[in-house]
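Trainee: I've got a fold open on my screen and I'd like to learn how to read it. Can you walk me through it?

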Amino acid sequence: MYFIQHIESITHQDSFQKENIWNELKPLTADSELISPDYKNYIPVAALRRLSTILRMGITASKACQEKVSNEFDSISVGTALGCLTDTEKFLVTINSVSGDILSPTAFIQSTHNTISGQISLDLKNHAYNMTHTQNALSFEVALKDGLLCMDEGKKSVLVGAADEAIPFLERLRGNLIETTHPFTSGATFMVLSNEKGNGIAHIQACEVSFSSEETETQVVRFLSSNNYTYQDIDLILEGGSLFGSKAKKHLSFPDYSGYYQSSSAFALHMANDFFIENKEALTILIINNLESNKLGLTLIRRNEVEA
């Protein structure tokens, strides 16, 4: 099994280092702001000044996860849709405004998508398998599947997470390249997966992605059936949209609580984990990531069995 030993999120909710975020969740408004922890507790001040928001979030959430488990990570898998947008914008503006051969490579180096996982590895002094996945709104699910495959190959402690950040430029893409009515937000969620249950309350039972999903409901039914479930067995559906509102005992659209960033389904998994804490009778949760049309991510989370 793929047990969730620990999970941390830095979002527009008060979610960092909280034992149970479920009762604290509030629908976001347009003026909601990122609730940042004191990064100085995790990142040296000298380094902190040169790190963008997404790097601060990723490093801090990862270090907080490492503090909660005894084993070093033997695999790191990170998903990010747009990567380090702040540094990317800075680099492009510099290219456009600087002439000659005095262009510094620093902004470009820090703008690449794998800067996040690389910086996590450097800060943790971890030399294990390290991979970044960038598949738009399915970036987290693909990173998760990679983490599960690593465990199938014998890895014992796997760090899986996702992070994306918002910049003002994204508003210019709303309604054209990005179809959402939710506020653009930043967020990072990281979790430790292990084949040992530890103190975890839940485990990942299955994860599936589709990059050409046209019959969404049919695919969801097929996914549930392949794992011996029906809608009647699902206690909560966390969905990127609102197509499945009548299918389960309880339904929430997770962007109402995360805002819009393309890897926000990682935060939905944190919501699911803590739903089990608050709802003792709940056994099974389905996350449906349909943030983008014709793309579908499905993740099935199950409460751990209580030992007699």
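Predicted model: local features only at pLDDT ≥ 70, side-chain atom pairs only at ≥ 80, totals over all residues.

Trainee: Is T284 buried or exposed, then?

Mentor: T284 counts as buried, because its relative accessibility is 0%. You'll find T284 in strand β9, which covers residues 284-289.

Trainee: What does T284 touch, leaving out residues up to four places away in sequence?

Mentor: Contact here means heavy atoms within 4.5 Å. T284 touches Y229, D233, I234, D235, L236, F276, L300, I301 and R302. With R302 there's also a polar contact, side chain to side chain, at 2.5 Å.

Trainee: Now a loop residue. Where is Q13 found?

Mentor: Q13 is in the loop between β1 (2-10) and α1 (45-48).

Trainee: Which backbone oxygen does the side chain of Q13 reach at 2.6 Å?

Mentor: The one of K26. A polar atom of the Q13 side chain also lies 2.9 Å from the backbone oxygen of Y257. Both K26 and Y257 are on the contact list of Q13, along with E24, L25, L28, I35 and F267, once neighbours within four places in sequence are set aside.

Trainee: How many cavities of 30 Å³ or more turn up in the whole structure?

Mentor: A cavity is a space where a probe fits but cannot get out. The search finds 1 of that size. The largest cavity has a volume of about 70 Å³. Its lining residues divide into 7 nonpolar, 2 polar and 2 charged, and they include L82, D164, E165, F184 and Y260.

Trainee: And how do I read the whole chain?

Mentor: Start with the inventory: the protein chain has 9 helices and 10 strands. Its radius of gyration is 19 Å, close to the 19 Å that the globule rule gives for 308 residues, so the chain is as compact as a globular protein of that length. The C-alpha trace spans about 65 × 45 × 35 Å along its principal axes.

Trainee: What percentage of the 308 residues count as buried?

Mentor: 56% of them. Finally, look at contacts between residues at least 6 apart in sequence: 71% of those join residues at least 24 apart.

Key:
Residues numbered from 1 in each chain as written. Heavy atoms only, no water. Helix = DSSP H or I, 4+ residues; strand = E, 2+ residues; numbered from the N terminus. Polar contact = N/O pair within 3.5 Å; in protein donor to acceptor, adjacent residues only side chain to side chain. 1 Å grid on protein atoms, 1.4 Å probe; cavity = no way out; pocket = protein on both sides within 12 Å on 5 of 7 lines; lining within 4 Å. Points joined across faces, edges and corners; volume = space filled by probe spheres on them. Nonpolar A, V, L, I, M, F, W, Y, C, P; charged D, E, K, R; others polar. Buried < 20%, exposed > 50% of the residue type's maximum accessible area, 1.4 Å probe, protein only. Rg over C-alpha atoms; globule rule 2.2 N^0.38 Å.
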